[in-house]
Amino acid sequence: MWKRSYSVTTTEITKEQIWKLVTDINNWKNWNDSLEYSKLLGEFKIGNYFILKPKGGPKVKIKLVEIIKNKKFTDLTTFPFAKMYGEHTYEETQDGLKICVTMTVKGILSFLWIKLVAKEIVDDLPSSIANQIETAKKISNE
């Protein structure tokens, strides 16, 4: 098993603002420069899927496997002989909102999918989360 995490703590946004941003999957391209598009199939709920189309890459179908509103969601990408989990958590702390993304790859061909997909995702997390914070600041805090 391979596991990598990246986290940042900010006082610039609330968990409600980031939650509105990340659950609006159809608009991820507005803050993620590496995406051609993303599309939620149905509602943002456990068991449903979304399609992610990275620039220069194939479409990927991803399943929502865990959701705790305003706190956490986990998605699952199934590759041949490997699975990749993306765990996204939002925790209020004394220092501000802690945003953490943990990518985990398991399976017999995990080494291949780490090289082809997961490592690039992890390497991009600092700029991706910074973009999320900047974009979430524009969302009203209802």
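The legends below describe close-up views of one predicted model.

Residues are numbered from 1 along each chain as its sequence is written. Local features need pLDDT of at least 70 and side-chain atom pairs pLDDT 80 or more, while totals for chains, interfaces and linings use all residues, and side-chain values use heavy atoms, without hydrogens and water.

**Figure 1. Overall fold of the protein chain, with 2 helices and 7 strands.** Helices (H or I, at least four residues) and strands (E, at least two) are DSSP runs, numbered from the N terminus. Along the sequence the elements follow the pattern β-α-β-β-β-β-β-β-α. The radius of gyration, taken over C-alpha atoms, is 15 Å, close to the 14 Å that the globule rule gives for 142 residues, so the chain is as compact as a globular protein of that length. That rule is 2.2 Å times the number of residues to the power 0.38. Along the principal axes, the C-alpha atoms fill a box of roughly 40 × 30 × 25 Å. Of the 142 residues, 42% are buried (under 20% relative accessible area; exposed is over 50%, partly exposed in between; 1.4 Å probe, protein chains only).

**Figure 2. The aromatic pair of phenylalanine 44 and phenylalanine 73.** The whole structure holds 7 aromatic pairs, defined for rings of Phe, Tyr and Trp (its six-membered ring) with centres within 6.5 Å; planes under 30 degrees apart count as stacked, over 60 as edge-to-face and the rest as tilted. Phenylalanine 44 and phenylalanine 73 are edge-to-face, at 5.4 Å centre to centre and 80° between the planes. Phenylalanine 44 lies in the loop between strand E2 (35–41) and strand E3 (49–54) and phenylalanine 73 in strand E5 (residues 72–79), so the contact ties together parts 29 residues apart in sequence. Both phenylalanines are buried. Ring pairs link Trp19, Phe44, Phe73 and Tyr90 into a cluster.

**Figure 3. The stacked pair of phenylalanine 79 and tryptophan 113.** The ring centres are 4.3 Å apart, with 5° between the planes. Phenylalanine 79 belongs to strand E5 and tryptophan 113 to helix H2 (residues 110–136), and the pair links these distant parts of the chain, 34 residues apart. Phenylalanine 79 is buried at 11% relative accessibility, and tryptophan 113 is buried at 16%.

**Figure 4. Lining of the largest pocket.** A pocket is an open set of points on a 1 Å grid over the protein atoms alone, where a 1.4 Å probe fits, with protein on both sides within 12 Å along at least five of seven lines; lining residues have an atom within 4 Å of a point. The volume is about 870 Å³, the space filled by probe spheres set on the points, which are joined across faces, edges and corners. Of the 36 lining residues, Leu35, Leu52, Pro54, Val117 and Ile121 are the closest to the centre. H2 supplies the largest share, 9 residues. The lining divides into 22 nonpolar, 9 polar and 5 charged residues (Ala, Val, Leu, Ile, Met, Phe, Trp, Tyr, Cys and Pro are nonpolar, Asp, Glu, Lys and Arg charged, and the others, Gly among them, polar). Valine 117, in helix H2, is partly exposed at 22% relative accessibility.

**Figure 5. Asparagine 70 and phenylalanine 81, two loop residues.** Asparagine 70, between E4 and E5, has a positive phi of about 65° although it is not a glycine. Its relative accessibility of 15% counts as buried. Phenylalanine 81, between E5 and E6, also is not a glycine and has a positive phi of about 60°. At 61% relative accessibility, phenylalanine 81 is exposed.
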